[in-house]
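Subject: Structure handover

Hello,

Here is the structure we discussed. My notes on it follow below.

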Amino acid sequence: MRPAAPITRVEASAFVVPTEGPEADGTLTWDHTTLVVAEVTAGGVTGLGYTYAHRCVPALVRETLAPAVLGLDALDVAAAYEAMARAGRNLGRPGLASMALSAVDVALWDLKGRLLDLPLVKLLGQVRASVAAYGSGGFTNYPAARLQEQLASWVAQGLTAVKMKVGADPEADPERVRAARAAIGPEAALVVDANGAHTAQRALAQAARFAEAGVTWFEEPVSSQDVDGLRLVRTRAPAGMEIAAGEYAWDLEAFRRLLEAGAVDVMQPDATRCGGVTGFLRAAHLCEAFGVPVSAHTAPTLHTSLCCAVGQARHVEYFHDHARLEALLFDGARIPVGGVLRPDPSRPGLGFELERADAARFAV
């Protein structure tokens, strides 16, 4: 039996990486992505975790979460998770506190895999050797030519589904969707994401127009906080069009509300937000009880291993910003081959390392 490995160090750092240019969805615009990396050390070994959040998150990790887990056995990840949840109680679970907890939980699972010399997917219990990826980008401020080029490039790489943003200009969106369909051809699945930009009535009107171009998935047609609106859209959407949400579910209660309301056809947990590996798995088990499939939201390098260990996982979002950043800063970033993502069986834990020299220029 392996001896206990008490946690001796918890640290976090933030890296702000400019996007290739201004980007926009149905409700926001941005020009950078902030990566927060958590590091947890025990037994002379360090595990890495990450989230996409704000540069203030490392302070939450150092000041609130680290004291709660220092000295705990690194193999007892569940105990560390509960300790962090208690420590952050008065900060409020949704939002930044949950992102901080998520990054440290991921680092703890990565550390456990490294201590046991096992890939995380084997530690969790591998269900499949690979998981499908779908290309995601198609920002609302892209000119038509850029939109078509990006989506078509993913199909050319073997991805069988692509997603584009809608909602910023509802009147222009049907034409944008038709342009996207023309670029990707008739076989690839076309998905749209409004990021909660619409009312339920507007979303239903848009869904009918999108269905003419063969759109099979409408993500967050209304805000995820509007559970009744999501349910209404789901029950009245065109035949063959699934309604997806869940990226802003921060805890099990939020997932339960969506599931009990019958508000989604597909749930989108995000391990960088919903409590790391622990939170993702708990959400996936809850979805399984309701018979709802799971599609991981963004962070493809992290979600590859998780979705290969979840029976009802459908695919992973190969989001443009995160795929670019992870390839830039991580040795071992997962890249689709033949339309699928595969964990690296030769590396313990999550199988990636921070490229510190490359990351240093983005540190804050």
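The largest nonpolar core has 119 residues, of which Leu35, Tyr50, Met164, Val177, Phe218 and Phe280 touch the most other members. A nonpolar core here is a set of buried Ala, Val, Leu, Ile, Met, Phe, Trp, Tyr and Cys residues joined through side-chain atoms within 4.5 Å; buried means under 20% relative accessible area, exposed over 50%, partly exposed in between (1.4 Å probe, protein chains only). Helix α3 (residues 96–116) supplies the largest share of this core, eleven residues. Helices (H or I, at least four residues) and strands (E, at least two) are DSSP runs, numbered from the N terminus.

This is a predicted model: local features need pLDDT of at least 70, side-chain atom pairs count only at pLDDT 80 or more, and totals for chains, interfaces and linings use all residues. Residues are numbered from 1 along each chain as its sequence is written, and side-chain values use heavy atoms, with hydrogens and water left out.

Lys165 lies in strand β5 (residues 161–165) and is buried, because its relative accessibility is 6%. Its side chain makes polar contacts with the side chains of Asp193 (3.0 Å) and Asn195 (3.1 Å). A polar contact is a pair of N or O atoms within 3.5 Å; within protein, one must be able to donate a hydrogen and the other to accept it, and residues adjacent in sequence count only if both atoms are side-chain atoms.

Strand β4 (residues 131–137) has six of its seven residues buried, so the rest of the structure largely encloses it.

Regards
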